[in-house]
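Take a look at the model below.

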Amino acid sequence: MRGHERSDNDLSGTVEGPAIQAGTVHGGIHIRSVVEPADEPGTSPWQLPPSIRIVDRAAEVGTLERHRTRARLEGRPALAVVSGLGGVGKTAVALSWLHSLRPHFPGGQLYADLRAQAPGGPVDPAEVVGRFLRALGVPDPQVPGGFAEQLALYRSLTANRRLVVMLDDAATAAQVRPLLPAGQCVTVVTSRRRLPGLTVDGGQVIHLEPLAPEAAVELLDSTLADGRVAAQPEEARALVELCAGLPLAVRIAGARLAARPRHGITTMVRALAAEHDRLEALAIEGDHDVQAALDLSYRGLPDSAARLYRLLGLHPGREFGGPVGDAVLGEDASEPLDVLYDANLLIDAGQAAGNERYRFHDLVRLHAITQANRDDSPEERDAALRRIGWYYLASATRAEGIIDPQHRTMARSYGPGPSVVADFGDGPDAALDWLELELPNLMAVLRQARSAGVPELAWQLADAMWPLFLRRKFYAEWREAHREGLLGAQETDDEAAVCRMLTSGGLGELDMGRPGPALEMFEQAAELFRRSGDALGHARTLNYRGLAHQRLGEPDLAAGFFGRAAAELLDCGDHRAAGLARFNLADVAVSRGRYEAAVPDADAAHTALREAGDTYNTARALALTGRAHLGLGRLDRAEEVLLAALETLRSMAADHEAARALGSLAQVSERRGQPELAGERYRKALVLYSEAGQSDSDEAREAGDRLRALDPEPGPDGGGSDGPAADPAG
């Protein structure tokens, strides 16, 4: 430059990438940029593993695509998290979607396996960032030494580059966050954990469930690709059901069959049929392995969650409420339950009775049992099973007390230490709903009680479920529970419990229309009471035997037993049971059209039961009084007492008895020449019969016939027979 010559540089147009302005330049100039031009296909990394075929994931892929579209319109990166159980197909779904985006993202594809469950711990984000920088064209000497500088360079390189990033098998949101690119890139994270923390970063969380049976069969067919699925459709469905819809398990089963082209699908069905061998059978040596996939999730659990996982695997039912975890651990289990849920080892089964409910995937449950058999002693496993049983017994007893406080509860044992009891509110509706919700679990515990060494638990649970059986008529369970309870009572040589199972079981047989077997059970109980000198117990069986004879079509014999029962029960001081006997005398009279004779017995029963505090049977006696007045043509009095009875019965969720009261009220309306009101009452009665599971009874059919006679429009079918005016306690 001579003197003070001025040098001007003019720049117009669009400049992309680095630019230098200079005056007069002498010598060779070498300018090298670390930042690659955006979206240069020739230098772009393409690191994604190959895609594999996915089945029945269109909804999930659609959600991912909609999320990407929203992010693009808002000018921000798209971040998605695909979570789920090991082997459910998270990586397959992510790869399938990301590969489809290649034409839209010429800047490349970055991939990292974050190895959440690796024995040496998850991969350090600094290691991944270094690899990403080199993949984006930064030579080793120019990779900054400090992690902060590496991150800054990574974001600079991705700010104007359209690329996708896949972070596979992430451990935590903190591990992922430094690896998120800038600009309008797309990142998909897969994890066995739910990683809700990434929603703060704008992430869309998608949880994968196992495949439905039809989709699993389709996956099996595509894995075999030899026509065996089409030739053996039933066997194929049985196979995928044993795999519980887990894609990894289906693919392994298919691969093993593919290696044996002359074997039928039944071969693999037999191999998986035995639960204790199923996980071992779902493996390909040196390659894919369902048990290994679940082992990875299990190894990442803290000790308390791992113990809860193992012991919950012993739970005999399909799903369970959160308090079961408290019972298993003997302490608050909310935190380890959350850990298991976040790790996708427990599935959300919804909420009921104010509590979260969970279940295991079938193969996960088998894995949990395997770990329990390996890591917990037989004594620890037995103790956990007993704590589960005691939880259900204590909770069912609480429900029983709310629904039917007059049911005389025999002594029950809940094991050592404080009992864990479900919280389902204080009303009878809530208590009945809880019993119905937990009926599969109650029955599963009851069936295992004797083999678990607690035979008394069998009869105690059967006894605690009495209000549910009486009101909602689960007849198959009623019969099975009392048969198993009887065996448990006999094993413990508890004669009082044996008699309770015979009488309450006999009442079930009676309600099921089997008065002959019921009478045999009542007579067995009567003989036991007679031999032991229990006058009160024997007097109560008079009532039960009278009911059986009434159902056998022997009203005179029945009335004789009821009369004896009323007198002897009063002598023994059991005024409530005597009131029930008077109820039954009135019922016999009503059934024979002797309405005038029925009224004093029904009134006496109502008074005795009200004084005993038996709200349910007091309302039943009131309804019976109403039927007697209806028979006598006293319509105003009949309607008055029937409405009062109906109000109480509805408040106690006694649908069956409420339906009977409504049917009688409908007849009152018919006699008054009020067909519309009568039809409305019949329709409501039929709905209640149906809800009580009594849509096929004589009374329901009669109500339906009467409704059709009033209105040719058919109403819902439903029905119910009158329950016995007795309970196992008298």
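**Questions on the model**

Q: Is Ser-451 buried or exposed?
A: Buried means under 20% relative accessible area, exposed means over 50%, and partly exposed lies in between (1.4 Å probe, protein chains only). Ser-451 has a relative accessible area of 67%, so Ser-451 is exposed. This is a predicted model, where local features need pLDDT of at least 70, side-chain atom pairs count only at pLDDT 80 or more, and totals for chains, interfaces and linings use all residues. Residues are numbered from 1 along each chain as its sequence is written, and side-chain values use heavy atoms, with hydrogens and water left out.

Q: Which backbone oxygen does the side chain of Ser-451 reach?
A: Ser-451 sits in the loop between helix H19 (439-449) and helix H20 (455-464). Helices (H or I, at least four residues) and strands (E, at least two) are DSSP runs, numbered from the N terminus. At 3.0 Å, the side chain of Ser-451 reaches the backbone oxygen of Gln-448.

Q: Which side chain makes a polar contact with the side chain of Asn-584?
A: Asn-584 is placed in helix H27 (residues 575-591). Asn-584 counts as buried because its relative accessibility is 1%. A polar contact is a pair of N or O atoms within 3.5 Å; within protein, one must be able to donate a hydrogen and the other to accept it, and residues adjacent in sequence count only if both atoms are side-chain atoms. At 2.9 Å, the partner is the side chain of Asn-543.

Q: Is His-361 buried or exposed?
A: His-361 lies in the loop between strand S8 (355-359) and H16. Contact means heavy atoms within 4.5 Å. Beyond its neighbours within four places in sequence, His-361 is in contact with Leu-85, Pro-210, Cys-243, Ala-244, Leu-246 and Ile-347. Its relative accessibility is 5%, so His-361 counts as buried.

Q: How far is the backbone nitrogen of Leu-363 from a polar atom of the side chain of His-361?
A: Leu-363 is one of the H16 residues that meet H12. From a polar atom of the His-361 side chain to the backbone nitrogen of Leu-363, the distance is 3.1 Å.

Q: What is the angle between helix H12 and helix H16?
A: Two packed helices are described by the angle between their axes and the distance between the axes. Helix H12 (residues 290-299) and helix H16 (residues 362-375) have axes 10 Å apart. H12 and H16 are roughly perpendicular, a word for angles of 65 to 115 degrees. The packing angle is about 70°.

Notes: Axes fitted to C-alpha atoms, helices over the stretch in contact; angles between N-to-C directions. Parallel < 35°, antiparallel > 145°, perpendicular 65-115°, else oblique.
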